[in-house]
Amino acid sequence: MKDQAVNVPFRDLTEAQKAAVLSERRIDRTYAAMEGLGLDRLVSDPEWQVREEVANRGYALDVLAGDDHPLVRAAVASQGAYPEMFAKDPAWQVRYAVVKGGYVTDDLMRDKDPYVKDAAHKAATPKTSRRA
């Protein structure tokens, strides 16, 4: 998994930072997540875009792995978490993130989605350097 970023718990935030985490505006909460502020609250945000940013920060991947939204699960997969599970995810975006992370199986090389299949074949092809 990628290095987990800094997380400042909600209780340790300044009043201005708490206001951003609790804002009615999704963009404020998204920016707070991007800064690692109050991820302990934002992990259960009703907006998938905010939860996606929480996953991008590497926080609570075990919780977000079961998220209903495929782009949140793809963000978890892009952190290198649970590749065996995500290789079988019904959403192509999640399987694509698994392959881009370097996890390739025969099933992914035969994936029904052309983006996933193509990425899997490219990842499985040995890289060679040409000398002039």
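**Backbone, core and contacts**

Guide: Let us begin with Tyr82, which at 36% relative accessibility counts as partly exposed. Please keep in mind that this is a predicted model.

Visitor: Where is Tyr82 found?
Guide: Tyr82 sits in the loop between α6 and α7, the latter covering 83–86. Its phi is near 55°, which is a positive value in a residue other than glycine.

Visitor: And Ala60, what is its phi near?
Guide: The phi of Ala60 is near 50°, again a positive value in a residue other than glycine. Ala60 belongs to the loop between α4 and α5.

Visitor: Is Ala60 buried or exposed?
Guide: Ala60 counts as buried, because its relative accessibility is 18% and the limit for buried is under 20%.

Visitor: Let me step back. How many helices and strands does the protein chain have?
Guide: The protein chain has 10 helices and zero strands. Read from the N terminus, the order of elements is α-α-α-α-α-α-α-α-α-α.

Visitor: What does the C-alpha trace span along its principal axes?
Guide: The span is about 60 × 40 × 20 Å.

Visitor: What percentage of the residues is buried?
Guide: Of the 132 residues in the protein chain, 41% are buried. As for contacts with a separation of 6 or more, 19% of them join residues 24 or more positions apart.

Visitor: On to the core. How many residues are in the largest nonpolar core?
Guide: The largest nonpolar core has 33 residues. Those with the most contacts inside this core are Val21, Leu42, Val54, Leu64, Val76, Phe86 and Leu108.

Visitor: Which helices each supply at least two residues of this core?
Guide: They are α2 (26–34), α3 (39–42), α4 (48–56), α5 (61–64), α6 (70–77), α8 (92–100) and α10 (114–124). The largest share comes from α6, with five residues.

Visitor: You named Val21. What does Val21 touch, leaving out residues up to four places away in sequence?
Guide: On that basis, Val21 touches Phe10, Leu13, Arg29, Ala32, Leu37, Gly38, Arg41 and Leu42. Leu42 is also among the residues with the most contacts inside the core.

Visitor: Back to α6. At what angle do α6 and α8 pack?
Guide: The angle is about 10°, and the axes of the two helices are 8 Å apart. The cut-off for roughly parallel is under 35 degrees, and α6 and α8 are therefore roughly parallel to each other.

Visitor: Which residues make that contact between α6 and α8?
Guide: From α6 there are Pro70, Leu71, Arg73, Ala74 and Ala77, while α8 contributes Gln93, Val94, Ala97 and Val98.

Visitor: Now the aromatic residues. How many aromatic pairs are there?
Guide: The count is three aromatic pairs. One of them, Trp92 with Tyr96, is edge-to-face, with 6.2 Å centre to centre and 70° between the planes.

Visitor: How many residues apart are Trp92 and Tyr96 in helix α8?
Guide: They are four residues apart in helix α8, so about one helical turn separates them. Trp92 is partly exposed, with a relative accessible area of 34%, and Tyr96 also counts as partly exposed, at 29% relative accessibility.

Visitor: Which residues form one aromatic cluster?
Guide: Trp92, Tyr96 and Tyr115 form that cluster.

Visitor: Which residues does Arg51 touch?
Guide: Setting aside residues up to four places away in sequence, Arg51 touches Leu42, Val43, Asp45, Pro46, Leu64, Asp67, His69 and Val72. Leu42 and Leu64 are both listed among the core residues with the most contacts.

Visitor: Finally, Ala124. Where is Ala124 found?
Guide: Ala124 is in helix α10 and counts as partly exposed, at 40% relative accessibility. Apart from neighbours within four places in sequence, Ala124 is in contact with Val104 and Met109.

Visitor: How many residues apart in sequence are Ala124 and Val104?
Guide: They are 20 residues apart in sequence, and their C-alpha atoms are 6.9 Å apart in space.

Methods:
Residues numbered from 1 in each chain as written. Predicted model: local features only at pLDDT ≥ 70, side-chain atom pairs only at ≥ 80, totals over all residues. Heavy atoms only, no water. Core = buried A, V, L, I, M, F, W, Y, C linked by side-chain atoms within 4.5 Å. Buried < 20%, exposed > 50% of the residue type's maximum accessible area, 1.4 Å probe, protein only. Contact = heavy atoms within 4.5 Å. Axes fitted to C-alpha atoms, helices over the stretch in contact; angles between N-to-C directions. Parallel < 35°, antiparallel > 145°, perpendicular 65-115°, else oblique. Phe/Tyr/Trp six-rings, centres within 6.5 Å; stacked < 30°, edge-to-face > 60°.
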